[in-house]
Every structure is written in C-alpha cells, then in structure tokens.
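Could you take a look at this fold with me? I have put together some notes to read alongside the model.

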Amino acid sequence: MTVPFDLDGAAAVITGAGSGIGRAAAVSFAARGARVAVSDVDGPRAEQTAAEVVAAGGEAIAVQVDVARQSDLENLRDRCLERFGQVDLVMSNVGVVAMGPPESLPLEAWQRVLDLNVMSLARSNRVFLPLFIEQGRGHVVNTSSASGLLAYGYDRLPYVASKHAVVGITEALALYLGPRGVGVTCVCPSGVATNIVEQISVFGSASSPRAPQHPVVEASVVGELIADAVTQGRFLVVTAGEVLSEMAERAADPERYLQRMIAEQGA
C-alpha cells in the first residue's frame, strides 16, 4: 500500500543527523517545508545541522541523543512535541562498523554494532510507533545499506548482519503500518561521501573495505532521494541501479550467482 506523505508543515525527527545522510535529509526535508528535530550523539554537530536549516529559512531544534538509551529517544519525542506540537516522521539513521576477518571479531564488537544498528530501531519503535498508530498517519524512514541487500562485505560481518536486519525489520513494518496509514521507507545507499570512517573499529588485519564498483554520490543527493521517496510513499531508496540488477541476478539463480561471486574472490 502506497502512503504518500506531505512534508510541508510536518514535524520530522532524525537521529544521526549531525553529519552525512542524516544532515542531508534534514536539509532536504526542511526545504520542502518540514520542521526538523535534529539529533546526534555529538551535540555540537546536531547544533550545526539545526543552524544550517534555520539559516536556509527553516525551523529546527537540536537535541543530543544516544540511541543506545531509550530515555534519550523519549526526550527527543517530547522535545519535538513541545516545540512543534506533533511528530509526523521519524528517521533512524545511525550506523557503526566493526571490520576484520570473521575469525578475528570479538563478541563485544558484534554486540556494539547490533545494539546501535538494530536495537536502536526497537527502541525507536517503542517510542514513536504508538504515536503514529494513534493518530493514523506518519512516516518511518530507516537507513540500511547496500550491504543490507547484497552480502559482499565479509570483512565487516556485524555491519552486514545488522543492515540485513534493518531491511527485514523495515519491510515487515511496511506490511504492518501501511494499512494503518503510516508510510515506511528503507534507505540502502552504496558509496556515499560521509564521515562513516569515524565509526569504524578494526580488529585483526583489515584492508580497505570491500565494496562493489558503484558510483560514489554526495550526501545531498541521497537527501533528495529520501525526500522524494517519502513524499511519493515509496519503500526502497538505492543510490546505484547496479544494486537492483545484481539482486535480480541473485533471485533468478542464487546458486549460480554465489558461485560467480566466489570465483571473483579467487581471481
């Protein structure tokens, strides 16, 4: 069920909005008339994004939020309600990476990645979904990755696992929320010029991250793609058409696809 969404006058909450895709989404949403509650674990960065929105003529507040704490998300919801009188959209946009050979990754690395990348969605669902369901409208945006659609990143398995989980969670939410008037969008970018390198922890020997040869795009481009998808009520956002082609190849013959990929690793 397609659920179009009007950003003009909406109140949007965004986590991880101090930089990168989150900041770009805040700017794009505001340019279309949304009022934005910008949050980030780095308070000064959240302030910078909010100031950018205000300087462009929009409305924004900044809130420091650690998505590992549900109480922080509850405070974010309450601050948005206090300032704007409503919450219409929530975008969960937090991602950390643990890199290294699969046999070198400690359990603590897995736990941190899954807690921030996956359990943050569980916390957000508990905080924001009751509000959306009660009012019979709203929109949920969850940021996954091309790594959530294609399992090429064996050098960062916790990230791959977490982003696959985000895709599954978000698709299931679309089935649940669509009939209740709430739209859902899943963002699966490939290469994007962001500062995610700051969120990478390396264990054992690790080379440069493995990635398919997809074009790298600016975060501002992704922000516009997300805003378009939200307003049109579309589920999936990708930044490279090659992702869809490769998914089609895998679906047509999973065994042949996997054997091709294995052969390429040994080449």
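The points below go through the sheet, the helices around it and a few single residues.

1. A word on the source before anything else. This is a predicted model, so please read every number here as computed from it.

2. Let us begin with the sheet. Seven strands form an open sheet in the order β3-β2-β1-β4-β6-β7-β11, and their pairing is parallel. The edge positions belong to β3 and β11 (236–238). Each of these has a single partner strand, so one side of each lacks a neighbour in the sheet. From one strand to the next, the twist averages 15°.

3. Now for some of the pairings. Strand β2 (residues 35–40) runs parallel to β3, and six bridges join the two. Within that pair, alanine 37 has isoleucine 61 of β3 as its bridge partner. Strand β1 (residues 11–14) is parallel to β4, with three bridges between them, and isoleucine 14 stands opposite methionine 91 in β4. On to β6: four bridges link β4 and β6, again in the parallel sense, and valine 90 is partnered by valine 140 in β6.

4. Helix α4 lies across β1, β4, β6 and β7. The angle between α4 and β4 is about 175°.

5. Buried residues in α5 are Pro158, Tyr159, Val160, Ser162, Lys163, Val166, Val167, Thr170, Leu173 and Leu177. Note that the list includes a lysine, Lys163. The cover over these buried residues includes β5 (97–99), α4 (107–135), β6 (138–143) and β7 (182–188).

6. The axes of α1 (residues 20–31) and α6 (residues 219–232) come within 8 Å, crossing at roughly 55°. That angle makes α1 oblique to α6. The crossing is right-handed. On the α1 side, the residues in contact are Gly20, Ile21, Ala24, Ala25, Ser28 and Phe29. They meet Ala219, Ser220, Val222, Gly223, Glu224, Ile226, Ala227 and Val230 in α6.

7. The other partner is α2 (residues 43–55). How far apart are the axes of α1 and α2? They are 9 Å apart, and the two helices pack at an angle of about 25°. The two helices are therefore roughly parallel to each other, and this crossing is right-handed. Here Arg23, Ala26, Val27 and Ala30 of α1 meet Arg45, Gln48, Thr49, Glu52 and Val53 of α2.

8. Glutamine 64 is a residue of strand β3 (residues 59–64). With 52% relative accessibility, glutamine 64 counts as exposed. Leaving aside residues up to four places away in sequence, glutamine 64 touches Asp40, Val41, Gly43 and Asp72. Valine 127 is 63 residues away along the chain, and its C-alpha atom is 16 Å from that of glutamine 64.

9. Leucine 81 sits in helix α3 (residues 70–84). Its relative accessible area is 31%, which means that leucine 81 is partly exposed. Apart from residues up to four places away in sequence, leucine 81 touches Gln86, Val87 and Leu131. Alanine 37 is 44 residues from leucine 81 along the chain, and their C-alpha atoms are separated by 9.7 Å.

10. Glutamate 108 has a relative accessible area of 55% and is exposed. From glutamate 108 to alanine 251, the C-alpha distance is 34 Å, across 143 residues of sequence.

Notes
Residues numbered from 1 in each chain as written. Predicted model: local features only at pLDDT ≥ 70, side-chain atom pairs only at ≥ 80, totals over all residues. Heavy atoms only, no water. Buried < 20%, exposed > 50% of the residue type's maximum accessible area, 1.4 Å probe, protein only. Contact = heavy atoms within 4.5 Å. Pairing = 2+ DSSP bridges. Axes fitted to C-alpha atoms, helices over the stretch in contact; angles between N-to-C directions. Parallel < 35°, antiparallel > 145°, perpendicular 65-115°, else oblique. Left-handed = near helix turned anticlockwise from the far one by under 90°.
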